[in-house]
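Dear colleague,

Please read the notes with the model open beside them.

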Amino acid sequence: MTIGWRFDNTYAKLPDTFKENINPIPVKEPNLVILNKKLAKNLDLDFSKTDKKEISKILSGNILPIGSNGISQAYAGHQFGHFTMLGDGRAVLMGEHLSKKNERYDIQFKGSGKTSFSRGGDGRAVLGPMLREYIISEAMHALKIPTTRSLSVVKTGETVNREKPEQGAILTRIASSHIRVGTFQYIAAKQNIEELKLLMNFTIDRHFPEIKSSNNKALDLLNLLMEKQCNLVINWMRVGFIHGVMNTDNMTVSGQTIDYGPCAFMDHYNAKTVFSSIDKFGRYSYSNQPKITKWNLARFAECLIPLIDEDEDSSIKKASEVIDNFEKIYEKKWLNMMRDKLGLFGEDKEDKKLINDLLNWMELNKIDYTNTFCYLMNVKTPEINCYKTNEFIHWINRWKKRLNLKENSSSKYLDLMRNSNPIVIPRNHKVEEALNAANENNLELLENLLIVLEKPYNNQDKIINFKSPAPLGNKEYQTFCGT
Ligand code: AMP
Ligand code: MG
């Protein structure tokens with residue numbers, strides 16, 4: 001039985017403030033539901049010589065891999081704007097695994113039992129939400145959006161009580177690290193400057209080695225995280241992804257999307273779309289995502305104030321200059337991203353208007369975001385009639401004129417569009433359908449869905465079903481925090 005674990009656990013060696021040493025609490029009857037063989041291969045892990053029973057024990061934490069060193073990480077977070085000391089209340093980081101190329105991956109079990117950060121919670125997770133995280137995180141990866149990934153889901157054989165009794169499950173999450181903006185907030189709140197420096201240097205070693213010997217590491221770190229998070233939110237806007245719970249504890253410093261609780265993809269375009277049942281005021285709505293990214297980055301900047309400059313005023317001034325730049329950088333990147341979606345090369349002063357007119361038309365007429373770009377790429381789409389209206393034809397003519405304005409061939413602009421516009425996204429009703437079946441031990445729909453989502457930019461055969469938005473008249477889709 002050689003799976004190929006190569007643990008090198010650096011976070012576990014940090015001082016006690018950062019974490020608690022703890023192992024997963026064994027579960028009654030672990031039973032593997034799904035294993036991501038392709039991801040395992042990328043990690044240089046081989047489960048093919050291990051039987052299912054054994055894999056179930058390993059990926060539930062009932063057997064501890066040699067070299068692992070369980071910890072739960074401390075972090076804080078602004079949740080819907082309110083600051084709280086948090087930490088892994090239902091997760092254990094088993095360690096950092098090195099691939100053969102020495103790429104470093106956090107191996108974390110989510111749903112692995114109580115820790116000292118559980119704050120009254122049961123430390124457990126439910127099958128549906130864990131499979132949902134599996135589906136959407138893998139879809140995000142296939143969409144070429146930085147994200148944590150999912151190696152497996154194992155049923156625990158235990159009941160977890162939520163609104164009704166549910167099947168317990170453990171997800172194995174793979175991340176380039178689990179350092180969050182909230183990790184910095186936790187250490188900063190302890191007001192121990194040496195530990196704050198330690199966290200900064202640890203983060204730079206792990207994610208930003210290029211600024212290791214810079215003159216102002218803290219300021220450079222802020223700039224680099226701003227760049228990464230700006231790119232990330234632009235990617236979300238590109239595919240119509242709504243994260244749903246952009247608390248600072250759910251923002252990584254690696255720039256990977258993390259925490260797939262109440263997230264969902266938008267069908268018809270509406271800037272104010274919110275799916276999460278608890279997001280009453282639309283704080284994390286589609287169009288608010290860039291603003292919240294900036295808000296979270298400002299919280300990150302606050303943590304770094306003691307490290308930017310010895311003089312506090314000058315430190316605040318320097319950090320503010322960086323944060324104040326966010327809108328300008330975002331706007332430019334967003335415009336370019338939308339140009340790519342429309343196959344537009346170069347720049348024209350009318351571009352923003354052209355783009356906004358399309359978005360407004362979609363919003364006013366409740367037109368599907370993903371499918372509209374498919375239609376423009378001549379990809380067969382389920383709803384056609386709305387594209388035959390005079391208003392839209394007029395817009396198309398303006399777009400074609402703009403396409404011809406710059407030197408352009410149809411193959412060139414279509415290539416650009418094909419790289420930017422997914423043909424399939426995890427449609428909410430398809431995800432729900434797969435999860436409901438999986439809850440009844442039928443994995444066929446889940447497996448089919450995962451296959452289609454693996455190649456979101458390809459025009460695959462027989463996927464028209466996966467391209468339809470939820471039937472109109474359906475109750476607005478709602479998501480719930482995946483606890
Ligand atoms: P999340 O909503 O998943 O971002 O979690 C926010 C915080 O609540 C984190 O500190 C989690 O560890 C904690 N938490 C969520 N669910 C549970 C649970 N079932 N038991 C204990 N802690 C939890
Ligand atoms: Mg979270």
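Which residues form a negative surface patch? In this model, which is predicted rather than determined by experiment, the patch is made up of E310, D311, E312 and D313. One of these residues, E312, belongs to helix α8, which covers residues 312–324, and E312 is exposed, its relative accessible area being 52%.

The salt bridges come next, and by the rule applied here they number 30. One of them joins the side chains of R206 and E96, with an N to O distance of 3.6 Å. This pair connects distant parts of the chain, since R206 sits in helix α5 (residues 193–207) and E96 in strand β6 (residues 91–98), and the two are 110 residues apart. Are these two partners buried or exposed? R206 has a relative accessible area of 18% and is therefore buried, the limit for that class being under 20%, and E96 is likewise buried, with a relative accessible area of 1%. Both residues also take part in a network of salt bridges that links D8, E96, R104, D106 and R206.

Because K197 and E194 are three residues apart in helix α5, about one helical turn separates them. K197 is partly exposed, with a relative accessible area of 36%.

A further salt bridge is formed where the side chains of K333 and E227 meet, at 2.9 Å from N to O. K333 lies in helix α9 (residues 326–341) and E227 in helix α6 (residues 217–239), so this pair ties together parts that are 106 residues apart in sequence. Both partners are partly exposed: K333 has a relative accessible area of 22%, and for E227 the value is 37%.

N250 counts as buried, because its relative accessibility of 9% falls under the 20% limit.

Terms used: Residues numbered from 1 in each chain as written. Chains lettered and ligands numbered in written order. Predicted model: local features only at pLDDT ≥ 70, side-chain atom pairs only at ≥ 80, totals over all residues. Heavy atoms only, no water. Patch = residues over 30% accessible without salt bridge, like charges linked within 9 Å, V, L, I, M, F, W, Y side chains within 5 Å. Areas by Shrake-Rupley, 256 points an atom, 1.4 Å probe, with all protein chains shown as cover. Salt bridge = Lys/Arg side-chain N within 4 Å of Asp/Glu carboxyl O. Lys, Arg positive; Asp, Glu negative; His and termini not counted. Charge placed at Lys NZ, Arg CZ, Asp CG, Glu CD. Helix = DSSP H or I, 4+ residues; strand = E, 2+ residues; numbered from the N terminus. Buried < 20%, exposed > 50% of the residue type's maximum accessible area, 1.4 Å probe, protein only.
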